[in-house]
Amino acid sequence: MQAWQVHENGEPGEVMRLAQVERPAPGDGQVLLRVRAANINFPDALLCRGEYQVRPPLPFTPGVEICGETEDGRRVIANPALPHGGFAEYALADARALLPAPESLDDAEAAALHIGYQTGWFGLHRRARLQARETLLVHAAAGGVGSAAVQLGKAAGARVIGVVGGADKAAVARELGCDVVVDRRAEDVVAAVKEATGGRGADVVYDPVGGGAYAQSAKLVAFEGRIVVVGFASGTIPTPALNHALVKNYSILGLHWGLYNTKNPKLVQHCHEQLTELAAQGAVKPLVSERVPLTEAAGAVQRVADGVTTGRVAVVLENGAAA
């Protein structure tokens, strides 16, 4: 079968190499899946760079989120078991963690209705307890993680403010349903959000960026507001001033979605049922901006790493898998 492999750490476009390899053999509790589509996530770039919290042995195949097919023909969503990731014709996955792919979504969309949307659901509902008519501020609102949070926020009845970088991304954020869009490249984010909220700020801030975005979040969060920290796409991990959180009465909430797979897997299943229902209703639909063949995966991962994409980029295997 064909699979992209990383033999040394570095930028995805430089270290990912397409190779002909043997199909992986399932271990205890694992299943072999034929990959139908693999969604590209920022962690895939971090894996290539050797900067992710999980460091599989070299060589490995990246790709942490797929829509695949079991031997008996079931279409499922899975997080492949590294080092046999999803940018290949076949991948391995934990049999207990397979989730049914929603019938309302195609393969690329189904692959994307997992990490980003599960993170959004847990962040907004489990951690921040977002309520209808509250104001939700989403950083990087046109990206893969941010776009999921925007849709989930609107589905929950919140007023959503999206912060983006550039006019093209601003247009995407408006199409996603943002009530207010702020272009950080053309506007003062703090001033624009304060104006949009009458000086009150946002009840919930969803931050997958870190760095300067977090500094803005602390200035913009409302009294008794909640900042949900879900990642550091900027590459800079902020150091929150806890005295500021004290005098302003806001909460800083961390979210590592992957922990729920071991700490409370039943809640992951419940979340998937909720997301599947929202997808069936048309309330959420992953924004897949690009669909590329397996042969173009390395370049696509590099574009995601460079932050020049919107929504999700998916690797789609249209013709099935070869031996």
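Student: How many aromatic pairs does the rule give here?

Tutor: Rings of Phe, Tyr and Trp (its six-membered ring) pair if their centres lie within 6.5 Å; planes under 30 degrees apart are stacked, over 60 edge-to-face, and the rest tilted. The count is two aromatic pairs. W121 and F122 make an edge-to-face pair, 5.1 Å centre to centre with 80 degrees between the planes. F122 and Y260 make a tilted pair, at 4.1 Å and 35 degrees. W121, F122 and Y260 form one aromatic cluster.

The model is predicted: local features need pLDDT of at least 70, side-chain atom pairs count only at pLDDT 80 or more, and totals for chains, interfaces and linings use all residues. Residues are numbered from 1 along each chain as its sequence is written, and side-chain values use heavy atoms, leaving out hydrogens and water.

Student: Which parts of the chain does the pair of F122 and Y260 link?

Tutor: Helices are DSSP runs (H or I, at least four residues), numbered from the N terminus. F122 lies in helix α4 (residues 115–127) and Y260 in helix α10 (residues 260–263), 138 residues apart.

Student: Is F122 buried or exposed?

Tutor: Buried means under 20% relative accessible area, exposed over 50%, partly exposed in between (1.4 Å probe, protein chains only). F122 is buried, at 0%, and Y260 is buried, at 15%.

Student: Which residues touch the most other members of the largest nonpolar core?

Tutor: A nonpolar core is a set of buried Ala, Val, Leu, Ile, Met, Phe, Trp, Tyr and Cys residues joined through side-chain atoms within 4.5 Å. Among its 83 residues, they are M16, F122, L136 and V315.

How values were computed:
Helices (H or I, at least four residues) and strands (E, at least two) are DSSP runs, numbered from the N terminus.
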